[in-house]
Amino acid sequence: SEITTPPSLWGVPLKHISLVTLAIQNSTLALIMHHSRVSTPPSRAYSAATAVLMTEILKGLVSLVIAYLRVDHSSDGPQTAGLSWASKAKISTFRLRRLSNDIFSQDCWKLSIPAILYVIQNNLQYVAASNLDAATFQVTYQMKILTTAGFSVLLLRRKLCSSQWIALLFLAIGVGIVQIQAGEAQTVPATLAAVADVHTMHRLKGFLAVAAACFTSGLAGVYFEMVLKNTQGDLWVRNVQLSLFSLLPALAPLIFSHASTPAVDWLSALFRNFGLWAWATVAVQVLGGLVTALVIKYSDNILKGFATSLSIVLSFLASVALFHFQMTFTFGLGAGIVLGATWLYNQPPKRAGLLRARDSSF
Ligand code: C5P
């Protein structure tokens, strides 16, 4: 059978680059997002909904440029070198028309489902990051491995071996232990905090947001993988479609919350308090979205879970250094179990390992 070399950059497989980038991106995001939310008093907080919308717009634009550059050049006919400006413009128009045909293809509606789920998830992430410290947020967010496995079995008919089911059980136990960690005292009572205009964290609210985000993460991720691997269509075109379908649900909360704002004041209302940290959060989110798409294409959602659990260690160390986060015994135990479970989950039986070697043409 034909042997295809996997795509690589400077000799390193793109699959490995994307997994490591995702691990670093994940821990950076948890820290920056948490800092951007808790470092200002509530009266000067930026709008999370605006951040979600900006992320989708920027991610969509980057994907659009890449998709345009990747439109099949061979179908242009003669090479463009030495052609007049008029001919070059004609060829560009031709490519744009092809790209728009690809984007508005008959099956583009399939992306509306993960798009809506991801917009909900991305908003929930801000709620979670505002109410949990970065390390706890990261560890509990690992529950998405559980939901991802569930949806992979249900929708992709993926088979899990017994050690993987055991790993999932340990994952749930580990996350449970992290949640009951001691020393979660809230220093200022909520009513007092409102008067004093300081940020307080509501752990239960944070955990509920994470739980809901895990559900959408699993479903959206597996659904996106299903569309990507079971249908034709370029990854970057799929990303543009995903961003396009995200625009309406991302705009909806902004329209409702600013219903009474005069149209001329709209932009300034949307970007109130939108400072450097908010833009940094958006930038890391954009990178995360693009890398996630690459990981889903070149690996799968399950390996993605492994990469993100690596990020727990990174964000934990950074939390200790930057936010004076104190490790309790229970946190260490819980985080250790989560990491061990992730490792166990990714020990594929020999046959499954062979089956996993799938085509990854770019
Ligand atoms: O936590 P999880 O890995 O599910 O997060 C996936 C993130 O990647 C979401 O923020 C989602 O919006 C983004 N994403 C993307 N493009 C894809 C797939 C996911 O921007 N094709």
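Student: What does the side chain of His 34 reach?
Tutor: In this predicted model, the His 34 side chain reaches the backbone oxygen of Ala 129, at 2.9 Å.

Student: Which helix is His 34 in?
Tutor: His 34 belongs to helix 1, which covers residues 14–38.

Student: Is His 34 buried or exposed?
Tutor: His 34 has a relative accessible area of 7%. The cut-off for buried is under 20%, so His 34 counts as buried.

Student: OK, on to the ligand. Where does the ligand sit?
Tutor: The ligand is in the largest cavity.

Student: How many residues surround the ligand, and which are the closest?
Tutor: There are 14 residues around the ligand. The closest are Lys 59, Asn 122, Lys 144, Ser 217 and Lys 304.

Student: Which helices each supply at least two residues of that shell?
Tutor: Helix 4 (112–131), helix 9 (203–230), helix 10 (235–257) and helix 12 (276–298).

Student: And the shell by class?
Tutor: The shell has 5 nonpolar, 6 polar and 3 charged residues.

Student: How much of the ligand's area does the protein bury?
Tutor: The ligand taken alone exposes 470 Å², and the protein buries 94% of that.

Definitions and conventions. Residues are numbered from 1 along each chain as its sequence is written. This is a predicted model: local features need pLDDT of at least 70, side-chain atom pairs count only at pLDDT 80 or more; totals for chains, interfaces and linings use all residues. Side-chain values use heavy atoms; hydrogens and water are left out. A residue is near a molecule or strand if one of its heavy atoms lies within 4 Å of it. Accessible areas come from the Shrake-Rupley method with a 1.4 Å probe; for residues, only the protein chains shown count as cover. On a 1 Å grid over the protein atoms alone, a cavity is a set of points where a 1.4 Å probe fits but cannot get out, and a pocket is an open set with protein on both sides within 12 Å along at least five of seven lines; lining residues have an atom within 4 Å of a point. A molecule sits in a cavity or pocket if more than half of its atoms lie within 2 Å of its grid points. Helices (H or I, at least four residues) and strands (E, at least two) are DSSP runs, numbered from the N terminus. Ala, Val, Leu, Ile, Met, Phe, Trp, Tyr, Cys and Pro count as nonpolar, Asp, Glu, Lys and Arg as charged, and the others, Gly among them, as polar. Buried means under 20% relative accessible area, exposed over 50%, partly exposed in between (1.4 Å probe, protein chains only). A polar contact is a pair of N or O atoms within 3.5 Å; within protein, one must be able to donate a hydrogen and the other to accept it, and residues adjacent in sequence count only if both atoms are side-chain atoms.
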